[in-house]
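Morning, everyone. I have one model to walk through, and I'll keep it brief. Here it is on the screen.

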Amino acid sequence: MLIVFFRAVILYALIIFAVRLMGKRQIGELQPSELVVTILMSNIATLPIEDVSIPMIMGVVPIFTFVCLDVFMSQLAMKSRRLRKLFSGEPKIIISEGKIDQKVMHDLRYTVDDLMESLRGCDVFDISQVQLAVVETTGKITVCRKSTQDTPSRSDMKLKTQDADPPALIVADGDISEAALRLIGRDRRWVEKIAAAAGAEPEDIFILTADKQGVYTLIRKEGFK
Amino acid sequence: MNRAVVCGVLMAVIAAVSVGSVVMLDRSTEHILGLIDAVTEAGESGTPEEVEDTIAALEDYWRGHYIRLSVIVQTGALNDISYALAKLRPLYAHNADDFIAECRGIRRWVELICEGQLPRVYSVL
């Protein structure tokens, strides 16, 4: 029992390291090669945990071999479009100029239900609103609506606005983020001043967000007097 | 550090550990086969003291060898050899004909474990 426990702890740490090594893309949308690695990794990791007669190295070696190969392949794919196409495939246009390409749908083995479901996932409930739809290499659909159906932007409405970064999270549960302060061009003393104005110490702040203009939102920890 | 560099280092470590384990296995198998042959020869034409000494040497080496091998080989196969080794003394004490057969069996088991780890085409496929 203890062997299983220790192996589970070690493999947990190793798999987290392996997934981190694969990069952020792995956590979000899976390319075909990454999906294969993820499935294999989860299967292989369970073998030495379930069967203590299997040496743990028999699980660790293939996991890291797969991850390393995946990283090497993605590095190569970055340098060559042809390789990228080979490993990940290429996006397919499934609706063009408002017209469904049934051949592409057939090639992708995409049913009408699949298409409608994917469109609903993009907040499109009426297919006649779609100008262009692309099936990405991850299998996800991205949609460009017809201009008559699209949400008007501020520039369409001739509204004068200034581009600005959204507020940054400066204090989270009393913890001041130096990186966020640098982002908005302020320092720790500014936080102390803001906190003092609210009759609190920085440690008593639950959330403090602020933008470059110095506009801030402060929420104090509950129970603070 | 660059991911590719980390992966390169990891692959190098994996390759080194893999090759190292095969070399270690090859050397220790050669040694243990020599010990098994010594037990067999003593059983065929040696004195009981010689048999006792050679079995003790074999068991002693096997203890360390088992731990090293258990890192790279399933322990099921290793346990089978341990059971067979434990049977050698009683078999010899009862002048059983099976003694030599058991020695030959252990020898083959050890060879098979080593052969199973060598990256031959049929093993890979």
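Start with chain B, read from the N terminus: its elements run α-α-α-α-α. That makes five helices and zero strands. Bear in mind that this is a predicted model.

How much of chain B is buried? Of its 125 residues, 34% are buried. The accessible surface of chain B is about 7,200 Å². Carbon and sulfur atoms hold 60% of that area.

Now contacts within chain B. Take those with a separation of 6 or more. Of these, 65% link residues 24 or more positions apart.

Over to chain A, which has a sheet. Four strands form it, and the sheet is open. The order is β2-β1-β3-β4, with antiparallel pairing.

Which strands of chain A stand at the edges? They are β2, residues 99-100, and β4, residues 141-145. Each has a single partner strand, so one side of each is left without a neighbour in the sheet.

Look at the β1 and β2 pair in chain A. Strand β1 covers residues 92-96. Two bridges join β1(A) to β2(A), and the two run antiparallel. Here is one pairing to find on screen: Ser96(A) has Lys99(A), in β2(A), as its bridge partner.

What lies across the strands of this sheet? Helix α7 of chain A, residues 112-121, lies across β1, β2, β3 and β4 of that chain. Strand β3(A) spans 130-135. The angle between α7(A) and β4(A) is about 65°.

To recap: chain B has five helices and zero strands, while chain A has an open sheet of four strands with helix α7(A) lying across them. That's it from me.

Definitions and conventions:
Residues are numbered from 1 along each chain as its sequence is written. Chains are lettered from A and ligands numbered from 1 in the order in which they are written. This is a predicted model: local features need pLDDT of at least 70, side-chain atom pairs count only at pLDDT 80 or more; totals for chains, interfaces and linings use all residues. Side-chain values use heavy atoms; hydrogens and water are left out. Buried means under 20% relative accessible area, exposed over 50%, partly exposed in between (1.4 Å probe, protein chains only). Contact means heavy atoms within 4.5 Å. Accessible areas come from the Shrake-Rupley method with a 1.4 Å probe; for residues, only the protein chains shown count as cover. Two strands pair if DSSP finds at least two bridges between them. Axes are lines fitted to C-alpha atoms, for helices over the stretch in contact, and angles run from 0 to 180 degrees between N-to-C directions.
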